[in-house]
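I've got one model to walk you through, so let me put it on the screen.

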Amino acid sequence: MQRIILAAAGGFALINAAYMWAATPHWYATLPGVQMTGPLNIHFARDVALAFLSSGLALAWAALKTDRSAAVCGSAWLVFHALFHIWIWSHRGFPADLIALTNFTGIQLPAAAVLWAAFTLPRRALPLTPHKA
């Protein structure tokens, strides 16, 4: 189950990264709440796309190789991003609107699932190698 969650979240992050990079103005204009953050800054949006790319690659690797370290590293951006969006939501007065729903389903829920998957992923047994003096 953990590997499925990691693979799905990794795929989601990679698709989001590609969308943000290749269609930045469209991403900015259509994603609920993004325009509230200020005018479009293509450089900044593509920096964020690279964070999603890094996270997605780490999560895909974690799913493929059952690598807990990669899963934790890949989840870091998603979790910190989710916490930041909860902070933003609190400063908006916790409204139950389309932006909150989009954040919950597209940011907080995936981050929580990936964090759970990362920390409950079975550890791989490392091969025993002789210690060289």
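Axes here are lines fitted to C-alpha atoms, for helices over the stretch in contact, with angles running from 0 to 180 degrees between N-to-C directions. The crossing of these two, α1 and α5, is left-handed, meaning the near helix is turned anticlockwise from the far one by less than a right angle; clockwise would be right-handed.

Who touches whom? On the α1 side you've got Gln-2, Ile-5, Leu-6, Ala-9 and Phe-12, and they meet Gly-106, Ala-113, Val-114, Trp-116, Ala-117, Ala-118 and Thr-120 in α5; contact means heavy atoms within 4.5 Å. That α1–α5 contact splits into 9 nonpolar, 3 polar and no charged residues. For those classes, Ala, Val, Leu, Ile, Met, Phe, Trp, Tyr, Cys and Pro count as nonpolar, Asp, Glu, Lys and Arg as charged, and the others, Gly among them, as polar.

Quick housekeeping. This is a predicted model, where local features need pLDDT of at least 70 and side-chain atom pairs count only at pLDDT 80 or more, while totals for chains, interfaces and linings use all residues. Residues are numbered from 1 along each chain as its sequence is written, and side-chain values use heavy atoms, with hydrogens and water left out.

Stepping back, the protein chain has 5 helices and 0 strands. Those are DSSP runs numbered from the N terminus: H or I and at least four residues for helices, E and at least two for strands. Its C-alpha atoms fill a box of roughly 60 × 30 × 25 Å along the principal axes.

Next pair: α4 and α5 pack at about 150°, axes 8 Å apart, which makes α4 roughly antiparallel to α5. Their crossing is left-handed. Among the contact residues are His-81, His-85 and Trp-89 of α4, and Asn-103, Gln-108 and Phe-119 of α5. By class, the α4–α5 contact comes out as 14 nonpolar, 6 polar and 1 charged.

Then α3 and α4, at about 145° with axes 7 Å apart, in another left-handed crossing. Phe-52 and Trp-61 are among the α3 residues there, and the α4 side includes Trp-77 and His-81. That α3–α4 contact has 11 nonpolar, 4 polar and no charged residues.

A pocket, on a 1 Å grid over the protein atoms alone, is an open set of points where a 1.4 Å probe fits, with protein on both sides within 12 Å along at least five of seven lines; lining residues have an atom within 4 Å of a point.

Which residues lie nearest its centre? Trp-27, Leu-31, Val-34, His-81 and His-85, out of 36 lining residues. The largest share, 8 residues, comes from α4, and the lining divides into 26 nonpolar, 9 polar and 1 charged.

Methods:
Angles under 35 degrees count as roughly parallel, over 145 as roughly antiparallel, 65 to 115 as roughly perpendicular and the rest as oblique.
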